[in-house]
Amino acid sequence: MPGDLRIFLGQLFRKPGEVVALAPSSEALAREMCRGLSPETGHVAELGPGTGKITRAILSAGVAEKNITAFELNPTFVDTLRGQFPAADIRRAPAQEVGNLPLGELDAVISGLPLLSMPNDVQRAIVEGTFRVLKPGGTFVQFTYGPVPPIAQCLREGLKLTWTKSAKIWGNLPPARVYTFRQG
Ligand SMILES: C[S@@+](CC[C@H](N)C(=O)[O-])C[C@H]1O[C@@H](n2cnc3c(N)ncnc32)[C@H](O)[C@@H]1O
């Protein structure tokens, strides 16, 4: 079994309420999450990077490693990530702290969090914090396995969010869609 998968399944077994996925994201899903990124993209925050599948796709899209700030709760994942991405700022901290970054700092926030299964107050802190620190026109990218947009309706309405969604990515386990949210 590949090392990443072994570490992921070990943590899924220990902390199912935080990991909330059967396996790391597939290459296809990770690529779709990063479709809007390029070498011209500046600072990106990644929420819930796990074993780093999407982090690698962010780098493949051309974002500089030093321009990535990641928020991950799980200490085993944090150690793995720091070993793989020494120039990135990997924080052992809740994603709710994304809103503490400097205002207008981020071009994009890429989230692998189980956002819809989080308590309302946690989801609110993450989403409101994200849109506080995104540049005008910046994007919040989130995948979901479900049929509805992965941000609660009251938050979408309160923040006046618009969004696009990808086709279903059948190569992921389970199949998923990527939503890209913007303000206004
Ligand atoms: C569904 S896994 C996704 C992992 C990886 N992004 C991927 O797509 O393979 C969710 C990740 O979010 C992390 N997580 C859960 N709640 C979090 C929170 N409040 N703040 C930061 N990370 C969190 C978990 O530890 C786990 O690594």
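**Pockets and ligand**

Modeller: In this predicted model, the second largest pocket has a volume of about 200 Å³.

Biologist: Which residues are the closest to the centre of the second largest pocket?

Modeller: The lining of the second largest pocket is made up of 15 residues. By class they divide into 6 nonpolar, 5 polar and 4 charged. Closest to the centre of this pocket are E32, R35, G36, V141 and T180.

Biologist: Which element gives the most to the lining of the second largest pocket?

Modeller: At least two lining residues each come from α3 (27-33), β5, β6 (161-165) and β7 (177-183). With 3 residues, the element that gives the most to this lining is β7.

Biologist: How much space lies in the largest pocket, and which elements give two or more residues to its lining?

Modeller: The space in the largest pocket comes to about 710 Å³. Its lining counts 40 residues, of which E18, V19, G112, L113 and P114 are the closest to the centre. By class, that lining holds 23 nonpolar, 13 polar and 4 charged residues. The elements that contribute two or more residues to it are α2, α4 (53-60), β2 and β5 (134-144).

Biologist: Where does the ligand sit, and which elements give two or more residues to the shell around it?

Modeller: The place taken by the ligand is the largest pocket. Two or more residues of the shell around the ligand come from each of α2 (16-19) and β2 (68-72).

Biologist: How many residues of the shell around the ligand are nonpolar, polar and charged, by class?

Modeller: The ligand has 24 residues around it, and those that come nearest are V19, S25, G48, E72 and A95. Sorted by class, this shell consists of 16 nonpolar, 6 polar and 2 charged residues.

Biologist: Which residue has a polar side-chain atom 2.6 Å from an oxygen atom of the ligand, and how much of the ligand does the protein bury?

Modeller: Polar contacts here are pairs of N or O atoms within 3.5 Å, and on the nitrogen side of the ligand a polar backbone atom of A95 is 2.9 Å from a nitrogen atom. A polar side-chain atom of Q96 also lies 3.2 Å from a nitrogen atom of the ligand, whereas the residue whose polar side-chain atom lies 2.6 Å from a ligand oxygen atom is E72. Taken alone, the ligand exposes 600 Å², and the share of that area buried by the protein is 97%.

Definitions and conventions: Residues are numbered from 1 along each chain as its sequence is written. This is a predicted model: local features need pLDDT of at least 70, side-chain atom pairs count only at pLDDT 80 or more; totals for chains, interfaces and linings use all residues. Side-chain values use heavy atoms; hydrogens and water are left out. A residue is near a molecule or strand if one of its heavy atoms lies within 4 Å of it. A polar contact is a pair of N or O atoms within 3.5 Å; within protein, one must be able to donate a hydrogen and the other to accept it, and residues adjacent in sequence count only if both atoms are side-chain atoms. Accessible areas come from the Shrake-Rupley method with a 1.4 Å probe; for residues, only the protein chains shown count as cover. On a 1 Å grid over the protein atoms alone, a cavity is a set of points where a 1.4 Å probe fits but cannot get out, and a pocket is an open set with protein on both sides within 12 Å along at least five of seven lines; lining residues have an atom within 4 Å of a point. A molecule sits in a cavity or pocket if more than half of its atoms lie within 2 Å of its grid points. Helices (H or I, at least four residues) and strands (E, at least two) are DSSP runs, numbered from the N terminus. Ala, Val, Leu, Ile, Met, Phe, Trp, Tyr, Cys and Pro count as nonpolar, Asp, Glu, Lys and Arg as charged, and the others, Gly among them, as polar. Grid points are joined across faces, edges and corners, and a volume is the space filled by probe spheres set on the points.
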